[in-house]
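Open the structure in your viewer and keep the selection panel at hand. The stops below say what to select and what is there.

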Amino acid sequence: MDVLGIDIGGSGIKGAPVDTDAGTLTQERLRIPTPQPAKPAPVAEVVAQIVKHFSWEGPIGVTFPGVVVDGVVMTAANVHHSWIGVDAKELFGGVRVLNDADAAGLAEVAFGRGRDQRGTVLMLTFGTGIGSALFRDGVLVPNTELGHLELHGKDAEQRASALAREEHELSWEKWADRVEEYLRHVEMLFSPSLIIIGGGASKKADKFLPHVHIDTPIVPASLENEAGIIGAARAAL
């Protein structure tokens, strides 16, 4: 079944129709820069623009970079604070809305590196922030938001996100040291059987993962930056 998946990020909003049985995009994705400031009304306008671009009338799934409970936004770390308390499901016209990293994780567990993996699997997305999706025997524990764990008195994502690497002009190897420190922390907390690295940084995994050394097996996401779109569509079923 084809479902339109839309992935809202801190820097871009991406969408495409998805074959939810195969986990593949059926048309070339459309990416539009996230409005700044990323308030509800202008973001909703971009979502509507993507729907119109594909002339879509079927089911739609949308991701959001924050905690989402029953369609209502509870946190908004990398978009405007005015999102907090907004019924995003209603704002977007009754579509399915879920946390962006949870969506990416659903896609990887269904079609990617997490497929048929038992035990505790942790998907971490490195981009504007650090998103997380935690699974136990394939079942999602939603809204974990592990990028906000504290390291050195700060949110971990302020030190180890892909954006932090760019802002501090870190080499890939220096950034890998920060990523390893963060991964050791979550490894200690959850003892996962597998860690999957997703988000924009997954496309450059060969530049930093060889410098990351932890006990847990760690692999780049196979769906790369399309995981959020695919997971959003999958969640809308």
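The tour starts with the whole chain and then moves to single parts of this predicted model.

**Whole chain**

Show the chain as a cartoon. The secondary structure comes to 8 helices and 15 strands. Along the principal axes, the C-alpha trace spans about 45 × 40 × 30 Å. A compact globule with 237 residues would have a radius of gyration near 18 Å, and the chain agrees with this at 17 Å. Now colour by accessibility: buried residues make up 54% of the 237 residues. Among contacts between residues at least 6 apart in sequence, 61% join residues at least 24 apart.

**The cis peptide bond**

Select Gln-36 and Pro-37. A cis peptide bond joins these two residues, with omega about 0°. Pro-37 lies in the loop between β4 (30–33) and α1 (40–53).

**The largest pocket**

Several elements each supply at least two residues of the lining, among them β1 (2–8), β2 (12–19), α3 (100–111) and α8 (227–235). Which helix gives the most to the lining of the largest pocket? That is α5, with 4 residues. Colour the lining by class to find 14 nonpolar, 16 polar and 12 charged residues.

**Two glutamates with positive phi**

Select Glu-145, in the loop between β11 (139–141) and β12 (150–151). Its phi is near 50°, a positive value in a residue other than glycine. Is Glu-145 buried or exposed? Glu-145 counts as buried because its relative accessibility is 15%, and the cut-off for buried is under 20%.

Next, select Glu-169, in the loop between α5 and α6. Glu-169 is not a glycine either, and its phi is positive, about 50°. With a relative accessible area of 73%, Glu-169 is exposed; the cut-off for exposed is over 50%.

**Helix α6**

Select residues 172–190, which form α6. How far apart should the ends of α6 be? At 1.5 Å a residue, its 19 residues should span 27 Å, and the end C-alpha atoms are 26 Å apart, so the two values agree. Show the side chains of the buried residues of α6, including Trp-175, Arg-178, Glu-180, Tyr-182 and Glu-187. Ser-191 follows the helix and has a positive phi, near 45°.

**Lys-204**

Select Lys-204, in the loop between β14 (194–198) and α7. Lys-204 counts as partly exposed because its relative accessibility is 39%. Lys-204 and Trp-172 are 32 residues apart along the chain, and their C-alpha atoms are separated by 9.4 Å.

**Thr-216**

The last stop is Thr-216, in the loop between α7 (205–208) and β15 (218–220). Thr-216 counts as buried because its relative accessibility is 7%. Which residues does Thr-216 touch, not counting those up to four places away in sequence? They are Glu-187, Pro-192, Ser-193, Leu-194 and Ile-195.

Definitions and conventions:
Residues numbered from 1 in each chain as written. Predicted model: local features only at pLDDT ≥ 70, side-chain atom pairs only at ≥ 80, totals over all residues. Heavy atoms only, no water. Nonpolar A, V, L, I, M, F, W, Y, C, P; charged D, E, K, R; others polar. Buried < 20%, exposed > 50% of the residue type's maximum accessible area, 1.4 Å probe, protein only. Contact = heavy atoms within 4.5 Å. Expected span 1.5 Å × (residues − 1). Rg over C-alpha atoms; globule rule 2.2 N^0.38 Å.
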